[in-house]
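Here are a few exercises to work through with the model open in your viewer. Try each one before reading its solution.

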Amino acid sequence: MSDLYSECLVKKEPTSKDAAVKYGLIFLIVVFAAGGIFLMPILLLGAVILAVAAYFLIPGTDLEYEYLFVNGELDIDKIMSKSKRKKARTVDLTEADIIAPVTSHRMDYYNGNNQLKVYDYSSGNPDHKKFAAIVREEGQTCKIIFEPDEDMANAIKKSAPSKVFLD
C-alpha cells in the first residue's frame, strides 16, 4: 500500500505593511535611543520597550508556509525568519466541502460569501495559482487559501476525487 505524500514550501511576499512595521519600529528605536542619550534618559526605556516589541513583531514579516500532505491530511506550518516554526493548521481534506482554485467558477458562491472566515496561507502573489479548501470548524464555515505545487495538487485530487477540482 503506497501513501499519498507531498510537501511544498511557499515564501510569502513582503507587503508594504510588513515594510512599514519593520522599518517603522527600527526608526522609532533609533529616535528614542538618540533622544534618551541627548535629551532625557527616560526615553531609553521607550527604546528598550520598542526593541522588545520589534523582537516579537519583525520575525512575523518574513514568512514561509510549508504544506505537508499525507493521506488526506494537509498540515500547514508557518516558518518565521527561517528559524521559528509554528503549526498553523491541520485540515482533513476528506471532510472538506470543496477544494478548487480560488478563481474557479466552482468557488463563485464562496468567494461572494462575506460570512466565511478566511485564512490565507499563500505567497500573496496574484500570478500564482491559489487553491481554497472550504471546511467546517467549530460550527462555522472557513475558507483556507493555500498554494500547492502541481505534484501536491495531483496528490490531493487522488485522495478525494469527487471534492477536488484542478480547473
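The expected span of a helix is 1.5 Å times one less than its number of residues; helices (H or I, at least four residues) and strands (E, at least two) are DSSP runs, numbered from the N terminus. This is a predicted model, where local features need pLDDT of at least 70, side-chain atom pairs count only at pLDDT 80 or more, and totals for chains, interfaces and linings use all residues. Residues are numbered from 1 along each chain as its sequence is written, and side-chain values use heavy atoms, with hydrogens and water left out.

**Exercise 1.** Check the span of helix 1 (residues 16-38).

- Take its 23 residues at 1.5 Å a residue: the span should be 33 Å.
- The end C-alpha atoms are 32 Å apart, so the two values agree.

**Exercise 2.** Find the buried residues of helix 1 and what they pack against.

- Buried means under 20% relative accessible area, exposed over 50%, partly exposed in between (1.4 Å probe, protein chains only).
- Asp-18, Leu-25, Gly-35 and Gly-36 are the buried ones.
- They pack against helix 2 (43-57), with contact meaning heavy atoms within 4.5 Å.

**Exercise 3.** Work out the surroundings of Thr-141.

- Thr-141 belongs to strand 8 (residues 140-146).
- Leaving aside neighbours within four places in sequence, Thr-141 touches Leu-116, Lys-117, Ile-134, Val-135 and Arg-136.
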